[in-house]
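Welcome to this guided tour. Open your viewer, get ready to select residues by chain and number, and follow along from stop to stop.

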Amino acid sequence: MTETTTVPESETPRALTALLQQQFPDTLIDFHNHRGDETVRVKREAIVSVCQFLRDDPRCKFELMIDLTAVDYFEQHREPRFEMVYHFKSLTHGHRLRVKTPVPEDDCRVDSIHELWEAVNWYERECWDMFGIEFTGHPNLTRLLMYEQFEGHPLRKDYPMDRQQPIIELREIDERNQYGRA
Amino acid sequence: MSMESALAEPQLSRLPLEAEEDTSIMAIEVGPAHPAMHGIVRFTTYVDGETIVDMVPEIGYLHRGFEKESENSKWIQVIPYTDRLNYVSPLLNNIGYSMAVEKLFGAEVPRRAEYTRVIMGEISRITDHLTCVGAAAMEVGAFTFFLWFIKAREYLWELIEQVSGARMTTNWTRFGGNATDLPDGFLDDLQERLDKVKDILDECDKLLSKNKIFIDRVKDVGTISKEDALSFGFSGPMLRACGVPFDVRRSDPHSVYDELDFEIPVGTVGDCFDRYLVRMEEMRQSISIIEQAADKMPYGPIMTDQRWVDYPDKKEVYGNIEGLIEHFKMVMEGHQPPKGEAYVAVEGGNGEVGFYVVSDGSGDPVRVRLRPPCFNYVQAMRHMTIGHYIADIVPIFGSINMIGGELDR
């Protein structure tokens, strides 16, 4: 098993963690409550079912998918290299939860959760754009912040800060908007 | 458009095949550089007559690599960068980022610093709403409104200038406190200026809230249901306009908001008019919060005395070797928050501004992530505009208060 991100503070699972432990006994890798943020790490294969449970179960009711991002632990020489980070907020119960899942470099993919919250669509596109993590099942996994011809994924730690890319050629407007033009 | 059908039709980069043969559909580019676009964003809009049948938002024109830049800086060097995110309420970003790093440190902020942060943060919220409402009203024809609101905003920015030294590029918070205390006579000046702003708000309220021409342009335009808004990850005034009383200041009380009394205005249907009303009322609530905080303003230090969070006193630095070494190490190696991660949400001008920071115990951040509130709104533009007239893009886009610096980072 890989090391955890944070120093665990000899802690007991809080309510949501205990619930997830009971519901998904085999998929929970570890948990921590560092600085009061309830955090669980789950296996990559289970991310969709865990998220579905978090959204629908009356004890969880996470209506808001607050944030979705990744962290690159290249410089820390961590295996697996990437980690997906999801933040959820429940308005019914008022609690927050952070769910993380490891993503190895050689199989850089994770199942898309776009069917659960609409907001996920763009967040996953951004994450793919920035980190090159592929979201299986995403309907339109194209670059969001960078342009199509951009090479590489800028938020990876091995993408150099000062790397320059060639200026792209101007696209013909007609080519882009061929539909609708009579 | 129901949620299911929106899911079934992913973000199209081209029209569906049947539309290809339908010559009545025309593509119109709105933006990237258009007078009604705040910042730079492009909407490729497909219209049938004047009705929008599809639209594809394209963002990223203002991408400056905030996160990459931050991860290649020291922790403290990120603070000036946060000014450039939401540049009409920069202080709220300053506060959010500092709170995130303070959480990593486990540092306490002195009470006077918390109260000043509340005052400055609420002033920023008012300037944010003034900009949004003023600009949105101007775009549908109420130009007077814009001029008056910009005047009011200037009163408030001068207050911010008195404290931080700059109107927009504030760079005011530090880890464990604030860079400067309130200057002498600030609270009296604050009250005077708040009174002026209140007058302007009342006057503009009379001018616009019952104005038939304005209401015709914004009522039942850009409506989004409660369920869809939640699914799209809305927060702040946009979500409250749909009738969901979610406010980070109340749901996850940070700073000293739990000691202050304020109400959370909510809308009913979630159209552009509701968003306008919610923002107008929030400005009044913010004024009330500022007045309460000014009344309760405690005396005391404005920076924490926790070691390694703040630089040591100059007296220490020049007076003894420990202080000198500590100062040297903090300048050369940067602040070194303990290994860990933290997410902090603050109620920004237009929603939940979240900072997710990861530290490996060194002076260089592993990850600095901003959760921009208007990212979700721009994503929902397609959902909100389909079926409306093309002219409705202007009030809808005005009401979402997109800030390019924050959206594209």
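Start by selecting Trp308(B), in the loop between α13 (272-296) and α14 (314-319) of chain B. Helices here are DSSP runs of H or I with at least four residues, strands are runs of E with at least two, and both are numbered from the N terminus. Trp308(B) is not a glycine, yet its phi is positive, about 70°. Most residues other than glycine have a negative phi, and most peptide bonds are trans. Trp308(B) counts as partly exposed because 17 other C-beta atoms lie within 10 Å. The cut-offs are these: buried means 20 or more other C-beta atoms within 10 Å of the residue's own, exposed means 12 or fewer, and partly exposed is in between, with C-beta atoms placed from the backbone.

A note on what you are viewing: this is a predicted model, in which local features need pLDDT of at least 70 and side-chain atom pairs count only at pLDDT 80 or more, while totals for chains, interfaces and linings use all residues. Residues are numbered from 1 along each chain as its sequence is written, and chains are lettered from A and ligands numbered from 1 in the order in which they are written.

Next, select Asp220(B), in the loop between α9 (212-218) and α10 (226-231) of chain B. Its phi is near 55°, again positive in a residue other than glycine. Is Asp220(B) buried or partly exposed? With 14 other C-beta atoms within 10 Å, Asp220(B) is partly exposed.

Now show α13(B) together with α18(B), residues 393-400. Their axes (lines fitted to C-alpha atoms over the stretch in contact) are 10 Å apart and meet at an angle of about 35°, on a scale from 0 to 180 degrees between N-to-C directions. Cys272(B), Arg275(B) and Tyr276(B) of α13(B) make the contact with Pro395(B), Ile396(B) and Ser399(B) of α18(B). Being in contact means that two C-beta atoms, placed from the backbone, lie within 7 Å.

Zoom out to chain B as a whole. How many helices and strands does chain B have? There are 19 helices and eight strands. The C-alpha trace spans about 80 × 45 × 35 Å along its principal axes, and 53% of the 409 residues in chain B are buried.

Bring chain A into view: 37 of its residues are in contact with 47 residues of chain B.

Stay with chain A and select Pro80(A), in the loop between β3 (64-72) and β4 (82-89). A cis peptide bond joins Glu79(A) to Pro80(A), with omega about -10°.

Move on to Tyr86(A), which lies in strand β4 of chain A. Tyr86(A) counts as buried because it has 23 C-beta neighbours inside 10 Å. Beyond its neighbours within four places in sequence, Tyr86(A) is in contact with Leu68(A), Arg98(A) and Val99(A).

Finish at the largest nonpolar core, which has 155 residues. Such a core is a set of buried Ala, Val, Leu, Ile, Met, Phe, Trp, Tyr and Cys residues joined through C-beta atoms within 7 Å. Ile133(A), Ala100(B), Val357(B), Val378(B) and Met402(B) touch the most other members. Helix α6 (residues 111-139) of chain B gives the largest share, eleven residues. Last, select Ile133(A): setting aside neighbours within four places in sequence, its contacts include Ala70(A), Phe82(A) and Trp128(A).
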